[in-house]
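Please look at the sequence and the structure before reading these notes.

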Amino acid sequence: MARKKCSFCNSSEKKKNPFIAGNGVYICSNCITSAYKILFGEDEKSIRREEPATLLIPKEIHRILDDYVIGQESAKKTLSVAVYNHYKRIFKSDYENDTTIDKSNILLIGPTGSGKTLLAQTIARFLDVPIAISDATNLTEAGYVGEDVENILTKLLQAADGDIAKAERGIIFIDEIDKIARMGENRSITRDVSGEGVQQALLKIIEGSVVNIPPKGGRKHPNQDFLQIDTKNILFICGGAFDGIEEIIQRRLGANQLGFGQEKRSNRENESVMHLIESSDLVHYGIIPELIGRLHITATLEPITLEDMVRILVEPKNSIVKQYQKLFEIDNAILSFEEEALRAIAQKAINRKTGARGLRSIMEESLIDIMYELPELNGYEVIITEDVINNSVKPIYIKNSKSA
């Protein structure tokens, strides 16, 4: 028997979200509540806000991030404070007071594989809020081939299992935001379908407004039923590498320097200047001022060093090395790595310029032949050396005496 699905939001039936059946269709209680709000309105003060049992303070959020993200201390501190203030604003603010606390969205700037997506995913998981991750390069203006900006909200609703109230407190992470920068600071006469046009389309949902979305995603069309989602309490985190923006910062810092000042400028070029980024640099890069004005908090992530890459391999709770060791353990084998082998894996990832996300593919390439024989390695310890990684030689096999 096919599992029941809500005809409006496509969610599955649960005890907390029962269905009402009609003539071959179903509607869940969440959609009924939403429809009631649309038809009869609802006073903001009467909306029940499900406050979490404990609202994590910045230091607690930072400690959680430390367990999964290596380095990037400045970004973790900035993000911890921003997330705490955002949910404090939702659950702790006094609506009887005339002072309204505006939402602050976040912009993460850092190289590919530096941990931008991982930071957002980790926070969402431990705050128990839904998260939707979207790539800005797939978005286009309404009416053009591609994905509508509003479809990001549909993804968030699906991540919340159709619970509109929960989705309205979720997190949306938009990656590759730098890839939709317009070419140059002057507005183009021709239509920019996936650049400035998408930035303009994002303004409405990021700032906070009631948006009509198709319950099942896809393009909007006339006579279609819509669900309404209020985005005023949705935290938007945008991320991008912004390749080349260092040159823009350098030009601004070195402007109007003559004589001895040129020596100071050349020394600065050897240092990281990303922490000195300003709104004007982003505008020069091609992000429209209106969008920058809605991304109030900027956190920068540094390139991952060789030492950090080695730590990423072994230290996080769900590190790649621990995952592969678990796979070997299931087959009653032990997997261990020499220090130089770990450094060789890290160096390969740095050479490929893929950041930490390239570590898994390198590990898979290096262990594929060994894992092919893994079911027959019962009772063995497999030691990975530097030559295994760099020269594809056989690892060291040691028979465990206890299993002999």
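This is a predicted model: local features need pLDDT of at least 70, side-chain atom pairs count only at pLDDT 80 or more; totals for chains, interfaces and linings use all residues.

1. Residues are numbered from 1 along each chain as its sequence is written, and side-chain values use heavy atoms, leaving out hydrogens and water.

2. In helix α2 (residues 58–68), Ile61, His62, Ile64, Leu65 and Tyr68 are buried (under 20% relative accessible area, 1.4 Å probe, protein chains only). These residues lie on the same side of α2 because they cover an arc of only 160° around the axis (taken from the directions from the helix axis to the C-beta atoms). They pack against α3 (73–91) and α4 (116–127).

3. An open sheet of 3 strands runs in the order β10-β11-β12, with mixed pairing (two strands pair if DSSP finds at least two bridges between them). Its edge strands, β10 (334–337) and β12 (396–399), each pair on one side only. β10 and β11 (residues 380–384) run parallel and are joined by 4 bridges. Leu335 stands opposite Val382 in β11.

4. The largest nonpolar core has 50 residues (buried Ala, Val, Leu, Ile, Met, Phe, Trp, Tyr and Cys residues joined through side-chain atoms within 4.5 Å). Ile172, Ile174, Ile177, Leu202 and Phe242 touch the most other members. Helix α7 (residues 196–207) gives the most to this core, with 5 residues. Apart from this core lies another, of 32 residues, among them Ala341, Ala346, Leu359 and Leu377.

Note on methods
Helices (H or I, at least four residues) and strands (E, at least two) are DSSP runs, numbered from the N terminus. Contact means heavy atoms within 4.5 Å.
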